[in-house]
Amino acid sequence: MNLAPIVLFVYNRPWHTEQTLNALALNNLADKSVLYLYCDGPKKDASEESLKKINEVRQLVKAKKWCKEVIVIENVINLGLANSVIKGVTEVIEKHGSAIVLEDDIITGTYFLKFMNEGLAAYKNDQQVFGISAFKYPSTNKIEKSTYFLPISSSWSYATWSNRWSKVNFDGKELLKEIDKKDLKKKINFGGYPFYEMLLNQVDNKVDSWAIRFYASMFLNNCMFLFPNTSLVQNIGFDASGVHCGEDEFFSSINVSNEEVKVVKQEIILNNKIVKLVKQSFELQNLLNNGLSHKKFELAKKGKHIFRKFFKK
């Protein structure tokens, strides 16, 4: 199997970066993989504390041989998260044809790299598959199928190919125009999640997000992502230390698994039952954000029959 390179974006979070790198180094196939580490530069008004953390991160990434080969790219100026990702992924994916991408707060399970590489190999020639993620979104009941497709993407670990990445339109205004023209405002909001509003905020420079433009491009191309039925990654950034992650008790409740999830190629169709289970979890998150009690939330999350009663409220 031809292994895809790993691209990891880091900045000024030494503790998170170390956890991410330690977990990655323990991965099956890490000793056979190439790792690109993109270190963003300091902002013009960076404080002494921020400069210290940026320097700590740069020393850390060069401290060990985390994978078979480690290539460190240190930006002199601050590009910001979105520009760093767009530039870095484009550079690596154009050179190698595919890439596995992580940010500095994603802990990976032992078989993460194996899953991602198997997915890349299995669906390389299937243009409808826009990418692969090792994150499992919450669902209101257990998903039995080892892998399945969803009409949404995930930025908490993803892999894709150069001929899919090239289809991403990073002009948010153009994406908004097309969505509005086709009257897709509600449809893009999977499970009621405010993706359309996120795109508006990106266009208005209120958020620095490459991921919403990636998802909107995938959505407009009628494509989908492959996911595992157990999460091979965990986001440890919900401590208000990152750019976009504040405190969260829904998605952050998903823990990393060291189980192996094998990719067996399947027909590229959406399983409506699985899509519904994940959609319901997004709807539950909205309820939680709007005052659903923790007790009712936990019961509903477990797929109890009274979910419907909660949702009607």
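Colleague: Between which two helices does the loop with D183 lie, and is D183 buried or exposed?

Modeller: This is a predicted model. The loop that holds D183 lies between α6 (172-181) and α7 (195-203). A residue counts as exposed over 50% relative accessible area. D183 has a relative accessible area of 64%, so D183 is exposed.

Colleague: What is the phi of D183?

Modeller: Most residues other than glycine have a negative phi. D183 is not a glycine, yet its phi is positive, at about 55°.

Colleague: How many residues of strand β4 (residues 98-103) are buried?

Modeller: In a regular strand the side chains alternate between the two faces of the sheet. In β4, S98, I100 and L102 point one way, while A99, V101 and E103 point the other way, and all are buried. Strand β4 is therefore largely enclosed by the rest of the structure, with the buried count at 6 of the 6.

Colleague: Which residue of β8 is the bridge partner of V101?

Modeller: Strand β1 (residues 6-10) pairs with β4 in the parallel sense over 4 bridges, and there I6 has I100 as its partner. Strand β8 (residues 158-161) runs antiparallel to β4, joined by 4 bridges. In β8, the partner of V101 is Y158.

Definitions and conventions:
Residues are numbered from 1 along each chain as its sequence is written. This is a predicted model: local features need pLDDT of at least 70, side-chain atom pairs count only at pLDDT 80 or more; totals for chains, interfaces and linings use all residues. Side-chain values use heavy atoms; hydrogens and water are left out. Buried means under 20% relative accessible area, exposed over 50%, partly exposed in between (1.4 Å probe, protein chains only). Two strands pair if DSSP finds at least two bridges between them.
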